[in-house]
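Let's take a walk through this structure together. Have the sequence and the 3D view ready, and look up each residue as we reach it.

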Amino acid sequence: MHVLVATPSGGLGQGGIDRLMGALKLQLDRQDSADIDVRFIATRGPGHVGLSVFYTLGFCLRMLAARLAGRADVIHINVASMGSTYRKLVIARCARMLGVPYVLHLHGAEYRSFWSGDGGFLDRRIRSMFEHASRVVVLGRVWRDFIASRASGAAGNIVIVPNATETPLLAHVGGGDSIHILFLGRIGERKGVPQLCDALGNMKSVGHWRATIAGDGEVEETRARLTELGLMDRVQLPGWVGPDQVAALIASADILVLPSFAENLPVSVIEGMASGLAVVTTPVGAVGRYRDR
């Protein structure tokens with residue numbers, strides 16, 4: 001079976017879905033199965049967002065070439081809101097024109113607010129994309145119910161496959177004498193980082209803890225707020241960290257915190273669970289219903 005996977009940076013990016021696809025690629029490489037050929041192809045790329053149209057067209061051309069060569073049995077399309085959806089509408093349409101079945105894998109955190117269901121042009125196009133999919137993969141019941149309510153024709157093809165992570169390579173040691181509180185993700189309002197800073201400020205008089213807020217985004221704004229709160233001696237902001245640094249941070253942490261306002265099923269929560277951390281998070285997306293998904 002020949003599979004083409006549409007993912008933002010081809011499984012090499014910083015985002016949760018690229019990390020997930022990167023882990024999947026590693027596992028497939030380890031298995032080295034002759035029965036399945038999977039190619040991960042970028043649809044947005046790492047550069048300027050304006051270049052994403054060229055990546056999208058490039059994916060469609062590679063899909064055409066693979067179809068003509070008999071090497072396109074199914075297209076796996078990772079989809080989120082905004083630009084991701086616009087790109088995937090094009091890819092899904094091309095797949096239908098070429099007669100190649102496709103699977104939609106919904107991972108966007110804000111899809112409920114993006115897909116209004118107002119009956120307009122965009123709403124109809126999105127509904128058609130979902131209803132023509134051979135399968136729709138979602139991360140929890142809340143997303144299954146949402147898609148079924150927006151695209152009733154897709155209801156029978158929705159399957160729940162929660163996010164997963166590899167078994168941690170580093171043994172968990174924790175923070176030792178000082179409890180280590182860890183945040184992993186894009187730093188900003190959606191992830192609740194301002195509220196996290198305020199909460200840490202309220203704990204200033206409590207001893208024996210330290211924190212790491214790791215990720216890209218509003219790093220300098222957060223640094224300024226922590227300086228204002230007098231917390232820079234207890235909170236580190238390393239910016240974006242790569243996979244090896246993430247593994248080391250998780251191994252040295254005791255609590256993983258994610259006070260987010262919008263999520264699907266964040267990889268950081270799964271990674272924290274896999275390492276046995278105490279996870280403190282808001283009940284958003286599939287997170288609050290993870291146990292009874």
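Glu110, Arg190, Lys191 and Glu263 are joined in a network of salt bridges. Keep in mind that you are looking at a predicted model.

How many salt bridges does the structure hold? There are 14 of them. Another one to find is that of Arg71 with Asp37, where the closest N and O atoms are 2.9 Å apart. Arg71 belongs to the loop between helix H2 (52-68) and strand E3 (74-79), while Asp37 is in strand E2 (residues 37-42), so parts 34 residues apart in sequence are tied together by the pair.

Now move to Arg225 and Asp198, whose side chains meet in a salt bridge with 2.8 Å from N to O. Arg225 is in helix H8 and Asp198 in helix H7, so the pair ties together parts that are 27 residues apart in sequence. Arg225 is partly exposed, at 29% relative accessible area, and so is Asp198, at 33%.

Stay with helix H8, which covers residues 219-228. Which of its residues are buried? They are Val219, Thr222 and Leu226. Looking down the axis of H8, you would find these buried residues within an arc of 65 degrees, so they line one face of the helix. Here is a handy rule: an α-helix has 3.6 residues a turn, so residues three or four places apart point the same way. The buried residues of H8 are covered by parts that include helix H7 (193-202), strand E8 (209-214) and strand E9 (235-239). On the other side of H8, Glu220, Glu221, Thr227 and Glu228 are exposed. Just after the helix comes Gly230, with a positive phi of about 70 degrees.

Finally, let's look inside. In soluble globular proteins, nonpolar side chains tend to be buried together. The largest nonpolar core here has 40 residues, and those touching the most other members are Ile75, Tyr102, Tyr111, Met129, Phe130 and Ile147. Apart from this core lies another, of 29 residues, including Val193, Leu196, Leu258 and Val269.

Methods:
Residues are numbered from 1 along each chain as its sequence is written. This is a predicted model: local features need pLDDT of at least 70, side-chain atom pairs count only at pLDDT 80 or more; totals for chains, interfaces and linings use all residues. Side-chain values use heavy atoms; hydrogens and water are left out. A nonpolar core is a set of buried Ala, Val, Leu, Ile, Met, Phe, Trp, Tyr and Cys residues joined through side-chain atoms within 4.5 Å. Buried means under 20% relative accessible area, exposed over 50%, partly exposed in between (1.4 Å probe, protein chains only). Helices (H or I, at least four residues) and strands (E, at least two) are DSSP runs, numbered from the N terminus. The arc is that of the directions from the helix axis to the C-beta atoms. Contact means heavy atoms within 4.5 Å. A salt bridge is a side-chain nitrogen of Lys or Arg within 4 Å of a carboxyl oxygen of Asp or Glu.
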